[in-house]
Amino acid sequence: PTPAAPDERFLDLRGLEPPEPLVRVFAALDEGSDRPLRARFPREPYPLYPMLLAAGWRRRTGSYRLTD
């Protein structure tokens, strides 16, 4: 199961080598959906934050303990 609500889009970016997670985030944003995008990263995506800001996007971050 994904941690996204039904009205959200979800990307599981674990297991991808840089810069693929960032590429996929921006590809999803470029789709132009009105639904929020939630992404699961293998580590904190610090380079993404200023890129989102420069592109005019807002972000909200959080850490979650996941059980598989």
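The model is predicted, so local features need pLDDT of at least 70 and side-chain atom pairs count only at pLDDT 80 or more, while totals for chains, interfaces and linings use all residues. Residues are numbered from 1 along each chain as its sequence is written, and side-chain values use heavy atoms, with hydrogens and water left out.

Next, colour by secondary structure. The chain holds two helices and two strands, in the order β-α-β-α along the sequence; these are DSSP runs numbered from the N terminus (helices: H or I, at least four residues; strands: E, at least two).

Now select Leu37, Arg38, Ala39, Arg60 and Thr61, the closest to the centre of the largest pocket among its 33 lining residues. A pocket is an open set of points on a 1 Å grid over the protein atoms alone, where a 1.4 Å probe fits, with protein on both sides within 12 Å along at least five of seven lines; lining residues have an atom within 4 Å of a point. The space amounts to about 1,200 Å³, the volume filled by probe spheres set on points joined across faces, edges and corners.

Finally, move to the second largest pocket, of about 170 Å³. Its lining includes Pro18, Phe41, Arg43, Glu44 and Tyr46.
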